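Good morning, everyone. Please bring up the model on your screens. I'll walk you through it piece by piece.

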Amino acid sequence: MPDDLQPVRRALLSVSDKSGLLPLARELVSLGVELLSTGGTARALREAGIAVRDVSELTGFPEIMDGRVKTLHPAIHGGLLGRAGTDDAVMAEHGIAAIDLLVVNLYPFAATVARADCIYDDAIENIDIGGPAMLRAAAKNHARVAVVVEPGQYAGLLEALRGGGTSLAQRREYAARTYAHTSAYDGQVSEWLSARATDPRAPEAWPRSLHPSFDRASVLRYGENPHQRGALYVERDAPAGIVATARVIQGKELSFNNLADADAALECAKAFDRPACVIVKHANPCGVALADDLRAAYDRAYAVDPTSAFGGIIAFNRELDADTAAEILRRQFVELVLAPSIAEAALPVLSKKPNVRVLATGELQRGAGREYKRIAGGLLVQDADSDALAEADLVVVTRKVPTAAQLQDLLFAWKVAMFVKSNAIVYARDLQTVGIGAGQMSRVVSARIAGLKAAEAGLAVPGAVMASDAFFPFRDGIDAAAEAGIAAVIQPGGSMRDAEVIAAADEHGLAMVFTGRRHFRH
């Protein structure tokens, strides 16, 4: 048995999340561990017939102030902070018993303040004081004390204790996770309070300090390029239905660029209610289509730009079926395929190409939240871009009015343009992109590229619609669209030369609608 194994004779359990508590406590008792506990945790243990000693019995002092003060006592903190050998005499002198294991998770502050009916006083009462103090004490003394903060750690802890105790390496890992846990908790409280520092009833849109918290999920082979190191960190409490928390079904190790491109593809696919396929290359959609089923959506998306689809990322907003999976593998080389779920029948089909990465994201969720962009010495923070634009929101500014079919195509192209790097131009017809121009310094050049892409794929532009992520500063963009055969245009409007641009559209007999908002994507 390694010299650094530390057995557990006494454990203090105090948890707000009681999942897994009873099985943990029963096994600890079976291993001869004395249990100490507080408040609701002690009550839950007793109701389950598990022997437990109240902390108040150990301290000789009752819980007071509605439970605000119960563990802030030398008998507790001395038991957690006492060093083996060094502090034995002083612990004996003051009757302090060593606590070898601490199991604590904190008051649910984030969940409390997320409730629509949460009032200020409720939030304050859910700021944990004794819990973080105990956690920091135990983590500091990890040379002797094991400390866990999440039910997911219980299985590994018990396995170690069955083998005689926790190792120093395990306790060190526990300590690191504990400080990350308390740091994230303090960050949540700090952000919430700083946003309300001036007026609790009218919080600022942006707190005065930010404390985002991420846990490392994996170390990647390299970053964007082989000479750069890379890793994936996942935001604490991140939801399902996103790339960062997706389940890997099969395939080679995910790369930095795989993850970035998959995120771009999935976020675009999530924008649509009908079955959608989005093919992405280098963070830009190269083909997007809607249809009545996934196979048809894939066929149409692939047809937009077969050249760029080679080695691309393919995202769906519905369960991936066997027929569609088989067609993808037959038709093209693909780096990664992702969908909310993978049909059971599709698994053996995909397994024939074991290097193809396949991700199941779980049920897709649309939501706002924050976006972060790192700059040297700083962090740009914004609300995530979104758009629930409907036909009724469009303003027709030309003499010619779009047809019903054109309106549907305009809204489709507009949503796609949200996910194309600026300057973004999207040509579309029948809920299928026809050509996409992305990331150019000139909007006119983006329009020309969209036309070139359509020509390469043998897709006719005449009669299609065009979406622009920002306004046209000059009429030349409309002139180029008319020359290509575009029949209708959707754009934000708001240029100093809107009148000139509208006149150009009328001159060419184009229909044009304004949205009143733009969608830059840098």
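First, a term: two strands pair if DSSP finds at least two bridges between them. Helices (H or I, at least four residues) and strands (E, at least two) are DSSP runs, numbered from the N terminus. Now look at Leu12. Leu12 stands opposite Leu36 in strand 2.

A word on where this comes from. The model is predicted, so local features need pLDDT of at least 70 and side-chain atom pairs count only at pLDDT 80 or more, while totals for chains, interfaces and linings use all residues. Residues are numbered from 1 along each chain as its sequence is written, and side-chain values use heavy atoms, leaving out hydrogens and water.

Start with the sheet. Strands of a sheet pair through backbone hydrogen bonds, either parallel or antiparallel. Here we have an open sheet of five strands, paired in parallel, in the order 3-2-1-4-5. Which strands are at the edge? Strand 3 and strand 5 (146-148), each pairing on one side only.

Go through the pairs. Strand 1 (residues 10-15) runs parallel to strand 2 (residues 34-37), joined by four bridges. How does the chain get from strand 1 to strand 2? It goes through helix 1 (residues 21-30), and this β-α-β crossover is right-handed. Right-handed means this: with the strands pointing away from the viewer, the path from the first strand over the helix to the second runs clockwise.

Next pair. Strand 2 and strand 3 (residues 53-54) are parallel, over two bridges. Leu36 has Arg53 as its bridge partner in strand 3. Strand 2, helix 2 (residues 39-47) and strand 3 also form a right-handed β-α-β unit.

Now to the other side of strand 1. Strand 1 pairs in parallel with strand 4 (residues 101-105), over five bridges. In strand 4, Leu102 is the bridge partner of Leu12.

On to the helices. Axes are lines fitted to C-alpha atoms, for helices over the stretch in contact, and angles run from 0 to 180 degrees between N-to-C directions. Contact means heavy atoms within 4.5 Å. Helix 1 lies across strand 1, strand 2 and strand 4, and runs at about 170° to strand 1.

Helix 1 also packs on helix 2, at an angle of about 70°, with the axes 11 Å apart. That makes helix 1 roughly perpendicular to helix 2. The cut-offs: under 35 degrees is roughly parallel, over 145 roughly antiparallel, 65 to 115 roughly perpendicular, and the rest oblique. Who makes the contact? Leu21, Leu22 and Ala25 come from helix 1, and Thr41, Ala44 and Leu45 from helix 2. By class, that is five nonpolar, one polar and no charged. The classes: Ala, Val, Leu, Ile, Met, Phe, Trp, Tyr, Cys and Pro are nonpolar, Asp, Glu, Lys and Arg are charged, and the others, Gly among them, are polar.

Next, helix 8 (residues 130-140). The axes of helix 4 (residues 74-81) and helix 8 come within 8 Å and cross at roughly 30°. That makes helix 4 roughly parallel to helix 8. Helix 4 brings Ile76, His77, Leu80 and Leu81, and helix 8 brings Ala133, Met134, Ala137, Ala138 and Lys140. The count is seven nonpolar, one polar and one charged.

Helix 8 has another neighbour. Helix 8 and helix 10 (residues 168-195) pack at about 155°, with axes 9 Å apart. So helix 8 is roughly antiparallel to helix 10. Among the residues in this contact are Leu135 and Arg136 of helix 8, and Tyr179 and Asp186 of helix 10. The contact divides into five nonpolar, three polar and three charged.

Further along is an antiparallel pair. Strand 14 (residues 370-375) and strand 15 (residues 378-383) are antiparallel, over six bridges. Arg370 has Asp383 as its partner in strand 15. Their hairpin has two residues between the strands, and Gly377 takes a positive phi near 75° there.

Last, two backbone details. His282 has a positive phi of about 50°, although it is not a glycine. His282 sits in the loop between strand 9 (276-281) and strand 10 (284-290). And Ser422 is joined to Asn423 by a cis peptide bond, with omega about -5°. Asn423 is in the loop between helix 16 (404-417) and strand 17 (425-429).
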